[in-house]
Amino acid sequence: MKFLEKIVHKQEPKFAKGGKFEKWNPVFESFLTLAFTPNHTTKRGSHIRDGVDLKRTMVTVIFAMIPALLFGMYNAGHWDLAVEMGSRDIPFWADQGTKIWRGAMIVVPMIIVSYGAGLTVEFIFALRRGHALHEGFLVSGMLIPLIMPADVPLWMVAVATIFAVIIGKEIFGGTGMNILNIALTARAFLFFAYPTSMSGDKVWMSGLEETGGIDGFSGATALGDAASFMTDKMTVAGDVVTSETAVSAFENNYSLMDSMIGMIPGSIGETSFIAIMIGAAILLFTGVGSLRIMASFFAGGWLMGIVLNAVGGNPYFDLGAEYHLLIGGFAFGAVFMATDPVTAAQTNIGKLIYGFLAGVVAILIRVLNPAYPEGVMLAILFMNVMAPIIDHYVVQANVKRRMKRLKTA
Amino acid sequence: MSKTVKLRKGLDIRLLGAANKVKTDVPMPKVVTIKPTDFHGLVPKMLVKEGETVTAGQPIFQDKYEEVIKYVSPVNGTLKAIVRGAKRRILEVQIDVSDSQSFDGGTAIDVAGMSGEQVKETMLSAGLWPFVKQRPIDVVADPKQTPKAIFVSAFDSAPLAPDFDFVLHGKNKEFQAGLDALGKLTDGKVHLTLNGKAPADATFTEAKGVQINKISGKHPAGNVGTQIHHIDPINKGEFVWVVNAQDVAIIGRYFLSGKFIPKKTIALTGSEVKDPQYMDVLIGTNVADILKDRFTSDNVRVISGNVLTGEKIEADGFLGFYDNQITVVPEGNQLKFVLTKGWLGPGFDKFSNSRLFPTFLSGSKKFRLDTNLNGEERAFVVTGELEKVFPFDILPMQLVKAAITDDIDNMEALGIYEVAPEDFALCEYVCTTKINIQDKIRTGLDLIQEECM
């Protein structure tokens, strides 16, 4: 790589202070640090430093998302084809080439738009502030497409990304300073600004909206179907049925196995529990993701499911607690969203409380609030806001321990 | 009542270049230097002019605001130069070493019959006082205070640190005399803390008049700050004094011989040193002779002290006042290509406390680490990593943030009185976002000293 180094050394003076392109130094710096770990050395304090840096940490998260991304692509392609065939029951693993191609045509443009829009904003802020690009958006830019419905227009992805980066992050000061998770801010923005494109029965499969609906073909997700349980009188195929029949009809439509593998409609990255768990394994093995948050998030959701089972009364309450962990964005939220270290609680005990409450609230909103079929996004955003309070009490406990020692001494 | 402490947190950075347990002779240095910058916060007032002759033990400068604290010449010689930096701040006081050095001929001082006040006065006038440091703030002790305890650590757990068992072997008498003197300075106890993982030398195990504690675990188990926290923690308004084990022996030597003989054994260590080993030197010695023909590569950094807390010096620089080792590591001022040695590389040459590099699988491999930052400074992003290497019941990240924001109330509440910058050295090492944590803590301590002490 000597020739690259030569180029760098030749160009460096032009971007240095007083050089021709001084103003563009942040851009130069950003690309330089992408290609090379810079030659900065320690000045004082610890003379050697850990090999890890933020770039490696962030890229590990991206690696962890790849299984969910690849499966999401295939799944999007599958449902795209299903819409064209007019049947939900076409075999999942057939026509793989077509599905991969169609899926890629749906997902890749979203990724390009998300990174394009986000990085443009990031560079503008980097130039204004005169620092190199910070790494936070590398992860957000990949997360945003993964939590979008397949049929979302690309311009919405762009608008949401720009909104999230500016309002969610940059006005607070950039990477490490934000209060809300960036990717979820983008999704929440679309959810409230363009509800028809973010929820309902027609957005989860690419191309369904344009057909204007097909007779006898539902584009609903598992959550959409489950939410319909909340009406007073349950109907399956036009007949009023009991809660038990409704649940078993649901279980027929979405078997545990299908939800586990992810052969159901939903946001791009959220459907496959297995793919997400591969990501979780990578995050936990490398220590990048917090086991405390992930585990307590699942525990919270599961316990809330059990509590609802015990209350009973309508089919959604009766739905098995394990289902809640598998369908919708629960697993994806637990692994990739709740664990965002900047917006989560920062103390070790705080993380446990934060994860648990987020899991509880997610299922609470999902089941009890008919306006929002999915509660994970809102639960995590809510807990993002609450995290500093949780930390405050954990910190105060530590402070009190020290005060007590003073009194006894 | 001795205490045994087991630590579960910490990190041993495995570096190449530990010193072999062999002592070599080094010639008497031509120049020695006392650096006022070694004593944080000191404003020196010179007592000797350039060109004047000085004898070993003669005060050469004193604390401008605490005039009883004298800093003495380690040798006979002439004052060569006073090196000044910005705003005429004195950085170094260099002394030409004369040919005649005599370390004999004093008379022993009987510690047992002295009062605490007498011991204190003796130490102050003999130039022994700077060896005594205080917590909180981590500066030379304020002689007006009475400490609730005095702590001496019998081992150093820092990377490549010298083995005190080897260094102080056979110096029982001097060490004991030093402990006796220190015992007079406090109404409380003198704590001597041994390494719980390895048997200690008789110098330590047979020490009298002290409470012997054991602590086991990874670095920073040997840091006296860790030991204080687990054995007798400091509350607001309390003082604890600490003395390095080798300096205890120097103090003891003074009481035994009546002479200031600042000789100590240091370890020459680091991956870039040929044949790393121990040697007897004077405090403030010039390292040029020691390092001559010793480097195995050109582009190196010489550190007085260990890699975590030491001070960068030139290859012809001087040993710091408190330092027991010299470390030489490769300088990391090269660009590192992303796929080979950079952030996307396989990382077989990187030592990390995270599991992001394959090297965490090899539990015993030793590394040649350079001074590259391995990244760029960012705001705090990753949480939970500082806690893994910080064996205190203190929330490190919150305390650092309080220090960064000059938040005195929170610093006090979160335990700033118990820590010194060196306690955060490992935090600084592991920090993903490359924040200079020791510096931030020092700034916080300065503010506390100014406002609250």
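Helices (H or I, at least four residues) and strands (E, at least two) are DSSP runs, numbered from the N terminus.

This is a predicted model, in which local features need pLDDT of at least 70, side-chain atom pairs count only at pLDDT 80 or more, and totals for chains, interfaces and linings use all residues. Residues are numbered from 1 along each chain as its sequence is written, chains are lettered from A and ligands numbered from 1 in the order in which they are written, and side-chain values use heavy atoms, with hydrogens and water left out.

**Exercise 1: a helix and its neighbours**

Task: Work out what span helix 6 (residues 154-169) of chain A should have, and find which helices its buried residues pack against.

Solution: 
- Step 1. The expected span of a helix is 1.5 Å times one less than its number of residues.
- Step 2. Now look for buried residues (buried means under 20% relative accessible area, exposed over 50%, partly exposed in between, with a 1.4 Å probe and protein chains only). Among them in helix 6 are Val157(A), Ala160(A), Thr161(A), Ala164(A), Val165(A) and Gly168(A).
- Step 3. Such spacing is worth a thought: an α-helix has 3.6 residues a turn, so residues three or four places apart point the same way.
- Step 4. Check for contacts (heavy atoms within 4.5 Å). The buried residues of helix 6 pack against helix 4 (96-129), helix 5 (136-146), helix 7 (182-193) and helix 8 (195-198) of chain A.

**Exercise 2: a patch on the surface**

Task: Find which helix of chain A gives the largest share of the nonpolar patch.

Solution: 
- Step 1. Patches are made of residues with over 30% relative accessible area and no salt bridge; like charges are joined within 9 Å, and nonpolar side chains (Val, Leu, Ile, Met, Phe, Trp, Tyr) within 5 Å.
- Step 2. The members here are Trp302(A), Leu303(A), Ile306(A), Ile349(A), Leu352(A), Ile353(A), Phe356(A) and Leu357(A), with about 660 Å² of accessible area together. Accessible areas come from the Shrake-Rupley method with a 1.4 Å probe, and for residues only the protein chains shown count as cover.
- Step 3. Helix 14 (291-311) and helix 18 (348-368) of chain A each supply at least two residues. The largest share, five residues, belongs to helix 18.
- Step 4. Phe356(A) sits in that helix 18.

**Exercise 3: two cysteines**

Solution: 
- Step 1. A disulfide is a pair of cysteine sulfur atoms within 2.5 Å.
- Step 2. Cys427(B) is buried, at 0% relative accessibility. Cys431(B), with a relative accessible area of 0%, is buried too.
- Step 3. Over all chains, the disulfide count is zero.

**Exercise 4: charged pairs**

Task: Which salt bridge partner does Asp393(B) have, and which does Asp423(B) have?

Solution: 
- Step 1. Side chains of opposite charge can pair when their charged atoms come close. A salt bridge is a side-chain nitrogen of Lys or Arg within 4 Å of a carboxyl oxygen of Asp or Glu, and the structure holds 32 of them over all chains.
- Step 2. Asp393(B) pairs with Arg401(A), at 2.7 Å between the closest N and O atoms. This pair crosses between chains, and Arg401(A) lies in helix 19 (residues 376-408) of chain A.
- Step 3. Asp423(B) pairs with Arg135(B), at 3.5 Å. The former lies in a loop and the latter in strand 10 (residues 133-135) of chain B, so the pair ties together parts that are 288 residues apart in sequence.
- Step 4. Asp423(B) is buried, at 2%, and Arg135(B) is buried at 2%.
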